[in-house]
There are 2 protein chains.
Amino acid sequence: MHSLPSLNALRAFDAVARTLSMSAAAKQLHVTHGAISRQVKLLEEQLDCRLVERAGRGVALTDAGLRLARTTQEVFDKLEQACDQVKRSAANAPFVLGCSGSFLARWFIPRLEQLKQDCPELELHLTAVDESQAIRPGVDAVLRFAEPPWPEDQRVIELAPERIGPVMRPDLFREEAPAPDQLLQHPLLETLSRPQAWPQWCRAQGIDPSQLRIKQSFEHLNYMLEGALVGLGVAIAPEYLVEEDLRTGRLQAPWGFVETPSRLGLWLPGQDISPAAQLLADWLRAALSR
Amino acid sequence: MHSLPSLNALRAFDAVARTLSMSAAAKQLHVTHGAISRQVKLLEEQLDCRLVERAGRGVALTDAGLRLARTTQEVFDKLEQACDQVKRSAANAPFVLGCSGSFLARWFIPRLEQLKQDCPELELHLTAVDESQAIRPGVDAVLRFAEPPWPEDQRVIELAPERIGPVMRPDLFREEAPAPDQLLQHPLLETLSRPQAWPQWCRAQGIDPSQLRIKQSFEHLNYMLEGALVGLGVAIAPEYLVEEDLRTGRLQAPWGFVETPSRLGLWLPGQDISPAAQLLADWLRAALSR
DNA sequence: TTTTATATGTCAGTTTTTCTCACATGTATT
DNA sequence: AATACATGTGAGAAAAACTGACATATAAAA
């Protein structure tokens, strides 16, 4: 037989669990701390079990509270996501796509005009999101590189394999086809978010990764590429992000690119593919393979 | 900024989505149909979007409703599960373990005495559940055979690999080590739930699966084994389920058993492993490897 | 077609829940 | 000890949800 405790009480508890503070939870839910205190107590009575207890000036979760909180947080996040989605799609709101700042700047922005031409009916908003960040409410989809398997509770539309390779200023190597191990004599640049990039590439080329000497690590891919552009050394980057620089001759990639297990994918919050998401995915696939 | 619609309205909508009927939903939630109708309407206003529409005598979900319902159902199921868990563990309720009827009858029941001796403090209730069925509220864990990968939102404690092999009455083959292909001349028994069992075993033995001729299919493993016991033919069964019959000499397994990709696992509803679950898992692992 | 049974939609009034505000109490910092 | 900050609790007010009655819509039976 069905029997859930008061949902509002669960919501109050959830906010308390997130903030570990009744007053902070109260502020979040736009009520007074008294209301929260009462709701939590109510929930404890309904579950016949203490969930939070005072700990100094704030509160702490009990064992049972901790277990329950794991579920409530996941659950309320999903609910919020889903409601937001419904509300925004009903209001014919623009489709909000999140992607990393570097991808945004180096791949997407240069192709926005083309997108507008190809899909004039698609109202797209772009926003930079943290590389590994989950989909937030307010964002309809996220474009990111990652390795399968994909999480089961999200839909991931695979768009293209990731290909990485060393890139540098054209004046660094003058020859047509320099030997790969000439790299070792040059300063190498990497990003902190992908420490595996250089070793991965080396293994694909048959070079011992332990010979690598990294000269400098950058916080973001963008900074690393700027470094390569001013001649700091040799960067390792995904092909898509340097296409423009290669085309215009500002960078060269003498050894080409090798495929990695990573895939560029369009991550959707739920299982459903909205028409806008499908349209965008189709266009992205086409644009990426050009 | 956070903003969820009324949770009670969501709950009402969820019940409507499940039953596709306002009155049925009303009955489930112990309120009148008017209350449900109002709540759904309220939700539609808050999301600014129609979710259900009249369809003849009942109601049907709109596109948006369908999408939302997927989330609400998952979410409320999880919530109920979690609350149930907390409530029962607080009440020091017995640990309820579900497993298939055949495993229950042929493996677990014969070892209950042993379990009671080994873990006297573990209050265990057993209940037969459908092979592929999800964990219901009221059940703390389920014991089942399945192939990895495991779902991300559940904890699965792997206990042992599945090993299957042909079993039959001892009077069917008198020799010590009959050749495997002698099987083909005997009537073969299978279960509908594991049509892959015979082909799997054959491939492991180097026999062409297409030569197999299945004589009879049974609804449940138990029935098939009963069939083998009365001499209907050769059954293919997991080792654990026939251990007792082999020990007592009622069945023989001349070719032994081969490992399959399946694993016997203890499936828990959430991420957490309760003390009782850990105790049970440890005992199971030990008992299975005896 | 008319009738009947079954559903949903809506309203006014009532019940229940939840909230606020005020004050009490508990805990760390000064 | 005094102060600042946080939680606990009460009575009354505000908000939300529910009921019961009636209106309306649909499908099947007469």
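User: How many residue pairs are in polar contact across the interface of chain A and chain B?
Analyst: This is a predicted model, and both residues of a pair must reach pLDDT 80 or more to be counted. A pair needs N or O atoms within 3.5 Å, one able to donate a hydrogen and the other to accept it. Across the interface of chain A and chain B, the number of such pairs is four.

User: Which helix of chain A gives the largest share of the side that touches chain B?
Analyst: Three helices of chain A each supply at least two residues to that side: α1 (7-19), α3 (33-47) and α4 (63-90). The largest share is 18 residues, and the helix that gives it is α4(A).

User: By class, how many residues on the side of chain A that touches chain B are nonpolar?
Analyst: That side has seven polar residues and 10 charged ones. The nonpolar residues there number 18.

User: How much area do chain A and chain B bury between them?
Analyst: In contacts, 35 residues of chain A meet 36 residues of chain B. Carbon and sulfur atoms account for 66% of the buried area. The area itself is about 3700 Å².

User: Which residue of chain B forms a salt bridge with A:R70?
Analyst: Side chains of opposite charge can pair when their charged atoms come close. Between chain A and chain B there are four salt bridges. In the one formed by A:R70, the closest N and O atoms are 2.1 Å apart, and the partner is B:D272.

User: How far apart are the C-alpha centres of domain 2 and domain 3 of chain A?
Analyst: The domain assignment makes domain 2 of two segments, 95-142 and 265-283, while domain 3 covers 162-262. Nine residues of domain 2 of chain A are in contact with 11 residues of domain 3 of chain A. The distance between their C-alpha centres is 27 Å.

User: What share of the area buried between domain 2 and domain 3 of chain A comes from carbon and sulfur atoms?
Analyst: These two domains of chain A bury about 800 Å² between them. The carbon and sulfur share of that area is 47%.

User: Which residue forms a salt bridge with A:E243?
Analyst: The interface of domain 2 and domain 3 of chain A holds four salt bridges. For A:E243, the closest N and O atoms of the bridge are 2.5 Å apart. Its partner is A:R111.

User: In which helix do A:D14 and A:R18 both lie?
Analyst: A:D14 and A:R18 form a salt bridge, with the closest N and O atoms 2.8 Å apart. The two residues are four apart, about one turn of the helix. Both lie in chain A's helix α1.

User: Where is A:L20, and what is its phi?
Analyst: A:L20 sits in the loop between α1 and α2 (22-28) of chain A. Its phi is positive, in a residue other than glycine. The value is near 55°.

User: Which residue does a cis peptide bond join to A:P148?
Analyst: Omega of this bond is about 5°. The second residue lies in the loop between β5 (141-146) and β6 (155-167) of chain A. That residue is A:P149.

User: What feature does UniProt place at residues 5-62 of chain A?
Analyst: This span is 60% helix and 14% strand, and its end C-alpha atoms lie 18 Å apart. The name comes from an unreviewed UniProt entry.

Methods:
Residues numbered from 1 in each chain as written. Chains lettered and ligands numbered in written order. Predicted model: local features only at pLDDT ≥ 70, side-chain atom pairs only at ≥ 80, totals over all residues. Heavy atoms only, no water. UniProt positions renumbered as here; feature names shortened; annotations may be inferred. Contact = heavy atoms within 4.5 Å. Buried area = accessible area lost by both parts, 1.4 Å probe. Salt bridge = Lys/Arg side-chain N within 4 Å of Asp/Glu carboxyl O. Polar contact = N/O pair within 3.5 Å; in protein donor to acceptor, adjacent residues only side chain to side chain. Nonpolar A, V, L, I, M, F, W, Y, C, P; charged D, E, K, R; others polar. Domains from an automatic or database assignment.
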